[in-house]
Amino acid sequence: MDRPCAHKQVTADDLTQLGPALYECMEHVIEGSVEKTDRSFMKISKLASVVDGPLQRLSRIIAHSLARRLICPVQGFAAALIDPSHYLEQSCLRAARENFADISPYLSTGFVTINRAMLEQVQDRKVVRIVDLSCSTTHQWQWIKILQDFHSRPGGPPELRLTVVHEDSEFLDNMQACLCKQAANLKLCFYFDKVIGKLETLDFSNLREILKINFGEAVVISCALQMHRLLAVDDSISRDFTAQLQQMANMARLKQMACSACSPASTLNYPQTPSPQRQIPSLLVSFLYAIRALDPKIIVMMEQDADHNSPLFHDRFTKTVDYYAALFDSLNAVDAASPQRARVERVLLGEEIKNILVCDGVHRHERHERLSQWEMHMQRCEVDHVPLSFEAIREGKERLMSYGLKQCRSKEDKAGLLLCWGTTRLYSISAWRPHSSNAAPNNVAG
C-alpha cells in the first residue's frame, strides 16, 4: 500500500534535484572541467532515469548538448553540428515536421491567426499572391483552410497564386498535388509556384523574380518560425567583448553564491547579465529592404518568444531550460505516450536545443527573440506594426481553446498575440507593413 506513495515521493525529489544538477553541469562546462562535467552527467543520467517524464527527457537532451559543447573546441568538431538536414534522413525530418503540426496546439493557432490577418487585407482584390516563407514549418493544412475561406468570400474568390519556399522538393510536389486537387474541387482559379531553398539563402537582390511575383498582384506574406534565421552573425567579431561580459557575469555569480545563506538550488538563480546593444544583422536588413520593394499588403509572422540570442552562453542556457521545459510539458499534455511526440522532441526540438547551446557564429541560426526585440528591429528598418484585428485574435484564441488544455493560454500584447503555457510565453504572432517609401533604411546594417 505504501509503495506507490514512496515512488511518487522519490520522483518528486528527483524532479527537484534535476534543475540544479543541470545548472551545475553548465557551470562545469563553462569552466572546461571534463572531470567535474562527467560527474554531473552521471548524476543527471541517474535522476532522469527514474521515470519517463517531459523534464527527464529534456534533461537528457540538454546533457547531450552540454557534452558536445564541452568538446566543441576540438578542431573540426563544431562543423559536424551545423544542420540536422546534413545527418538526418529527409523522410525522418519530414515525418517530425508533420507530427509537430499535428500535435502542437500553437502552430495551428498561428496558422489560423495568420490566415485571417491576410484575408482581411485582400477582401476586394481580384488577384492575390500569397508568399509562404515558413519553409520547414509550412504545412498544407494552412493553405487548404485559406482555399476554403477564399471560396466562401463575399463577392466571390480571387485568382489565387501561392508561392511556397521549402528545401524539400518532394514535399513541395506532394503539397502542390494536394492543393491543386482541393482548388479544383472548390472550382478556384489557383496557381502554385515552388521555390526550392531556405529563407536565409534566397537572393534578396532578385526577390520578386525568385518568388514569381508579378506586378499588379496583391501580395501578402506568411512567415512562421523562420525569421530568426536571418539574425545569424559572425559572433567572433565581438568575441573579446563577449568574453569580458562572461567574466564579469561569472564573478557576479560567485559573489552571490558566497554571500548566500540559501540552499544550493537557490544560488543557481543568479541574475541575468544584460546583453550588449546589438546592431541589426545585415541579412535581416537586406531581407526587409527587399520585402519593402515588393510592397506587400501585410507580413504576418509567428516566432518563438524567447531570449535565445544572447552572446553569453549561461544566459542562453537559463532561458533555454525554462522555455523548453514549458514546451515539452505542453506537448506531453497533448500526447503523452505516442511515438509522434517522441519524434518531435528528438528530431525537431532536440536539434533546436543543440543548435542554441552548442553552435556559435553563423552556424547558430536558432536565434529566437522576444516580440519587443522584433518590434525594435522592424522600427529601425522602417517597417510599421499592424495591429491584429479583433476577428483574427478571436479565431486564434478559439483554436487554442479547442484543445481543452487549461495551461494553454493566450495574451494580447500591444504588438501582437502571445501564446503561452501557464505563465511561460512560447510564441508570438504579429503583423507588419513596410513604409510606402522605397528608400533604403539608414544606419541599421550590422
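Analyst: Axes here are lines fitted to C-alpha atoms, for helices over the stretch in contact, and angles run from 0 to 180 degrees between N-to-C directions. This is a predicted model, with residues numbered from 1 along each chain as its sequence is written. Local features need pLDDT of at least 70, side-chain atom pairs count only at pLDDT 80 or more, totals for chains, interfaces and linings use all residues, and side-chain values use heavy atoms, without hydrogens and water.

User: What makes up the secondary structure of the chain?

Analyst: The chain has 15 helices and nine strands. These are DSSP runs numbered from the N terminus: helices (H or I) of at least four residues, strands (E) of at least two.

User: Why are H3 and H12 called roughly antiparallel?

Analyst: Look at helix H3 (residues 54-71) and helix H12 (residues 313-334): their axes cross at roughly 150° and come within 9 Å. Angles under 35 degrees count as roughly parallel, over 145 as roughly antiparallel, 65 to 115 as roughly perpendicular, and the rest as oblique. H3 and H12 are therefore roughly antiparallel. Their crossing is right-handed, meaning that the near helix is turned clockwise from the far one by less than a right angle.

User: Which residues in H3 and H12 meet?

Analyst: Contact means heavy atoms within 4.5 Å. From H3 come Pro54, Arg57, Leu58, Ile61, Ile62, Leu66 and Arg69. In H12 they meet residues including Phe313, Phe317, Tyr324, Phe328 and Asp329.

User: How do you know which residues of H14 are buried?

Analyst: Buried means under 20% relative accessible area, exposed over 50%, partly exposed in between (1.4 Å probe, protein chains only). In helix H14 (residues 371-380), the buried residues are Leu371, Trp374, Glu375, His377 and Met378. They cover an arc of only 160° around the axis, so they sit on the same side of H14. That arc is taken over directions from the helix axis to the C-beta atoms. Among their packing partners are helix H11 (282-294), strand E5 (298-304) and strand E9 (424-434). Across the chain, buried residues make up 52% of the 446 residues.

User: Why is lysine 187 called exposed?

Analyst: Its relative accessible area is 75%, and the cut-off for exposed is over 50%. Lysine 187 therefore counts as exposed. It lies in the loop between helix H7 (169-185) and strand E3 (190-196).

User: What makes lysine 212 partly exposed?

Analyst: Lysine 212 has a relative accessible area of 35%. That value falls between 20% and 50%, so lysine 212 is partly exposed. Its loop runs between helix H8 (207-210) and strand E4 (218-224).
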